[in-house]
Amino acid sequence: MAHTKRFRVAFRDADLKADLVGSTVHARHAALRARAQLTEHGITTDLLRRVDPDANDGTRLDGCVKTYVDGH
């Protein structure tokens, strides 16, 4: 079985807190579970998705990726 490379994941507490403002309790729990898992185990490239380099608010996101959190 081939080993898939995993990448370290880090979160800035202030950014995560700001992102969760207005979220439902369920969404906050899902995000915090995902944070714990990603921080401990990292992430594989198959879970990463490219983002549009031009964000809606004018932020430049060249070379950035995202992943999706499963709320279940």
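A polar contact is a pair of N or O atoms within 3.5 Å, where within protein one must be able to donate a hydrogen and the other to accept it, and where residues adjacent in sequence count only if both atoms are side-chain atoms. This is a predicted model, in which local features need pLDDT of at least 70 and side-chain atom pairs count only at pLDDT 80 or more, while totals for chains, interfaces and linings use all residues. Residues are numbered from 1 along each chain as its sequence is written, and side-chain values use heavy atoms, with hydrogens and water left out.

A polar contact of 2.8 Å joins the side chains of Asp62 and Arg60. Asp62 lies in the loop between strand E3 (49–50) and strand E4 (65–66), strands being DSSP runs of E with at least two residues and helices runs of H or I with at least four, numbered from the N terminus. Although Asp62 and Arg50 are 12 residues apart in sequence, their C-alpha atoms are 9.3 Å apart in space.

Helix H2 spans residues 25–41, and its 17 residues reach 24 Å from first C-alpha to last, close to the 24 Å expected at 1.5 Å a residue, the expected span being 1.5 Å times one less than the number of residues. Its buried residues are Ala30, Ala31, Ala34 and Leu38, buried meaning under 20% relative accessible area, exposed over 50% and partly exposed in between, with a 1.4 Å probe and protein chains only. These residues cover an arc of only 95 degrees around the axis, which puts them on the same side of H2, the arc being that of the directions from the helix axis to the C-beta atoms. After H2 comes Gly42, whose phi is positive, near 80 degrees.
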